[in-house]
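Here's a quick tour of how this one is put together on the inside. Have a look at the sequence and model first.

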Amino acid sequence: MQIIRVENLTRRFGNLLAVDNVSFEVEEGTIFGFLGPNGARKTTTINILCTLLSPTSGNAFIDGHDCNLESSEVRKAIGIVFQDSSLDKDLTARENLLFHAYLYNVARSERKQRVEDALRLVDLSERGDDLVKKFSGGMKRRLEVARGLIHRPKVLFLDEPTLGLDPQSRSNLWEFITALPKEHNVTIFMTTHYMEEAEVCDKIAIIDRGRIITSGTPAELKKLIGGDVIYLKTSDNKKAIQDIKKLLGVEASERDGEIFISALKGEVYIPKIIREIGESVLSVRMQRPTLNDVFLKLTGKEIRAETAAAGDDIKSAVRSYRRRHDRG
Amino acid sequence: MISNQLCVPTGDGMIEARAVYVIVAREYKKFIREKTRLVSAIARPVLWLFLVGGGMSKLVPAGGGVSYTQFIFPGIIGMTVLFSSIFSSISIIWDKEFGFMKEILVAPVSRFSVVVGKAMSGMLLSTTQAVIILTLYPFIGLELGLLQIAGILLVCAVLSFSIASFGILLASFYDSYESFSVIMNFIVMPMFFLSGAMYPVKLLPTVLRIVAKCNPLTYGIDAPKNIIFPLETGRMGADFPLFVDVAVILVSSVVFVLIAGKTFERKA
């Protein structure tokens, strides 16, 4: 079943076309990755899905409810972890969770139990009565994920969930998040600009400047760029290239003193190459395509080369638009 | 983070009531946790009552047996209510700045319940502080009956709901706490000085008197004057009849909470 359905979604802020005719679907119980550089309008799209922003045109449905017209139903069906913390730092972890339980109308008989379960889920049971301001970044993020699950949503939105975390907290959080669909029967919709994080997704849509450039499984997207790349250093590159073309029948060219060969199954070609021109080979390395390569190929730029500036530009454009238009 | 559509109450009153309750509970919990905030909230009116009142009463002669310190007592209670109600609703700006507002805004509760919850938080916190200030009455030579005390607190409750709603209306227009000093200097302080708290409205020049008459705080302070000095008809006495005072603060409460509700729905 398609738990999220987005059809030709468009949002303008004055002259700025922020979200441009976006369509996609998310299968229930999967992890869907929304991937793009800063300023790609990932958060704007999430805000429309979360009923915080209405679209200029197009439709979005979550669990069959229209995000624009049935906001109350949609809100009950979703949990959200925003990019910036939305915890009350002057309350304890337990109080933050309890607040959420009240706000989402969790039955009195279940409230306490759900809060305790949530704390245990993210290993914060012992810190439950500490003020959130004493928590580390990773603890806060975990607490927010736990909070988002308290009312048992069907879809959990995670907007850059690992932003600003150290590598260890990041990998801990990922382990936890990837287990959620099975253990909690929830669909994950996440945004990230870390390519390697998107690899855990069942399906990915790559967004840039408000448009979806491509979508598919991580494997499908990697296929787009034609498989693995083998890099060779030889004692005579020119001769080696000729030999490879003649003996193996594959394209090869030279760049920065290295020969590179594109091959669908790199691991099969390496032994062949060694067999044919083994005596001149000085070194061999192979690179699997990453989503970064996909992004690079499709947009012509590195995903992380985009600086925060691009995002800031849009943020300030949106802000001034709102100031002028009474925040329509 | 804005939506064009208004979030209509779902019709399930229990859900909305529970949301109002938990919003109030959160504010109250934070209020009693922050001892310094409570102390400074109490210190200001106490200083005004005894230092300004004590000093000015040497300059301003008593009228009809009412000393200047006694005269400003209703105004000092009004000041307590004014500041604590405004502070309480300004917390919306803090909530926006620190992100917590988003947690509230994506919850399946109507925007109006959020406003009512915030206004009721202001009411609870302000009336609590008013009780503390009110206990000072024996120290300035006043005698109050139980009925009078109950009446004053009732007025404080309605007045604080009104001012807190007004504060929410203000807070809806601001996103950062730099705006806080603007609100304090250009709205809250003039409201206080043009409320009959420190001097009778009837003695003000015409223009200022008109402004004072448009200020709901004026009636919120005039009501306790009526209650505390029921027999005083001179310059130290109340400016308006008690029923007018009560009517104005009741109506202003309803009007402000509705406007604040609409504005918050549209802006937040």
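## Nonpolar cores

In the largest nonpolar core, which has 150 residues, Ile62(A), Val155(A) and Phe157(A) touch the most other members. A core here is a set of buried Ala, Val, Leu, Ile, Met, Phe, Trp, Tyr and Cys residues joined through C-beta atoms within 7 Å, and buried takes 20 or more other C-beta atoms within 10 Å of a residue's own. Helix 3 (residues 68–97) of chain B gives this core its largest share, 14 residues. Apart from it sits another core, of eleven residues, including Tyr269(A) and Ile277(A).

This is a predicted model: local features need pLDDT of at least 70, side-chain atom pairs count only at pLDDT 80 or more, and totals for chains, interfaces and linings use all residues. Residues are numbered from 1 along each chain as its sequence is written, while chains are lettered from A and ligands numbered from 1 in the order in which they are written.

## Where the chains meet

Across the interface, 30 residues of chain A are in contact with 25 residues of chain B (contact: C-beta atoms, placed from the backbone, within 7 Å). On the side of chain A, helix 2 (71–77) and helix 3 (93–103) are the elements giving two or more residues.

## Helices 9 and 10

In chain A, helix 9 (residues 237–248) packs on helix 10 (residues 266–277) at about 115°, axes 10 Å apart. That makes helix 9 of chain A roughly perpendicular to helix 10 of chain A (65 to 115 degrees). Among the residues that meet are Ile244(A) in helix 9 and Ile273(A) in helix 10.

Key:
Axes are lines fitted to C-alpha atoms, for helices over the stretch in contact, and angles run from 0 to 180 degrees between N-to-C directions. Helices (H or I, at least four residues) and strands (E, at least two) are DSSP runs, numbered from the N terminus. Angles under 35 degrees count as roughly parallel, over 145 as roughly antiparallel, 65 to 115 as roughly perpendicular and the rest as oblique. Two residues are in contact if their C-beta atoms, placed from the backbone, lie within 7 Å. A residue is buried if 20 or more other C-beta atoms lie within 10 Å of its own, exposed if 12 or fewer, and partly exposed in between; C-beta atoms are placed from the backbone.
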